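Me: I am new to this structure and would like to learn how to read it, one feature after another.

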Amino acid sequence: MVGKLKFNKTLAMVSGIAMILAIAVFFYVQRMQHGENSPVPAVKTAVIPAQQTEIATAEYHAEQVQQPEQAFEGLVAENLLEQPIPPDNALIKDEISQLKDIQSQLQEQKELLQQQHQDADKLLQLKEQQLADMEKQLKS
């Protein structure tokens with residue numbers, strides 16, 4: 001009789017866990033189906049899709065333009081020109097390679113800032129065009 005009672009308790013626990021899992025799966029499936037069927041509000045814009053990509057790219061680069069000093073801070077030491085030249089040839093070669101690295105990083109920074117400036121100009125031009133298109137739409 002004790003063995004039968006133990007078996008019934010085990011069976012009740014297993015069936016209870018199975019029911020809880022079944023209910024959890026049911027709610028999960030319902031939530032996923034509800035999430036897929038929910039309507040997404042459409043936003044109307046007067047921008048052509050090709051321009052949207054350019055605008056998004058230009059906005060991304062414009063955000064990066066705002067913090068150029070923080071990104072490259074500490075690249076060149078202030079006292080670089082005042083430092084003495086090392087007497088050892090190996091140290092001189094190492095110093096030259098470091099200076100070349102710094103020069104290449106500065107050149108990359110210059111090119112990046114020029115590109116960001118061009119992107120910002122393009123963004124301004126596209127925004128002006130967008131405003132003109134919106135004004136035309138309002139008039140018509």
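Me: In what order do the elements of the protein run from the N terminus on?

Reply: They run α-α-α-α, which amounts to four helices and zero strands, where helices (H or I, at least four residues) and strands (E, at least two) are DSSP runs numbered from the N terminus. Please keep in mind that this is a predicted model, in which local features need pLDDT of at least 70, side-chain atom pairs count only at pLDDT 80 or more, and totals for chains, interfaces and linings use all residues. Residues are numbered from 1 along each chain as its sequence is written, and side-chain values use heavy atoms, with hydrogens and water left out.

Me: How many residues does helix H4 have, and how far does it reach?

Reply: Helix H4 (residues 89-139) has 51 residues and reaches 75 Å from its first C-alpha to its last, close to the expected 75 Å, a span taken as 1.5 Å times one less than the number of residues.

Me: Which residues of H4 are buried?

Reply: In general, an α-helix has 3.6 residues a turn, so residues three or four places apart point the same way. In H4, the buried residues (under 20% relative accessible area; exposed is over 50%, partly exposed in between, with a 1.4 Å probe and protein chains only) are Ile102, Gln109, Gln116, Asp119, Leu123, Leu126 and Gln130. Across the 140 residues of the protein, 10% count as buried.

Me: Is Phe27 buried or exposed?

Reply: Phe27 is exposed, at a relative accessible area of 54%, while Phe26 is partly exposed, at 48%.
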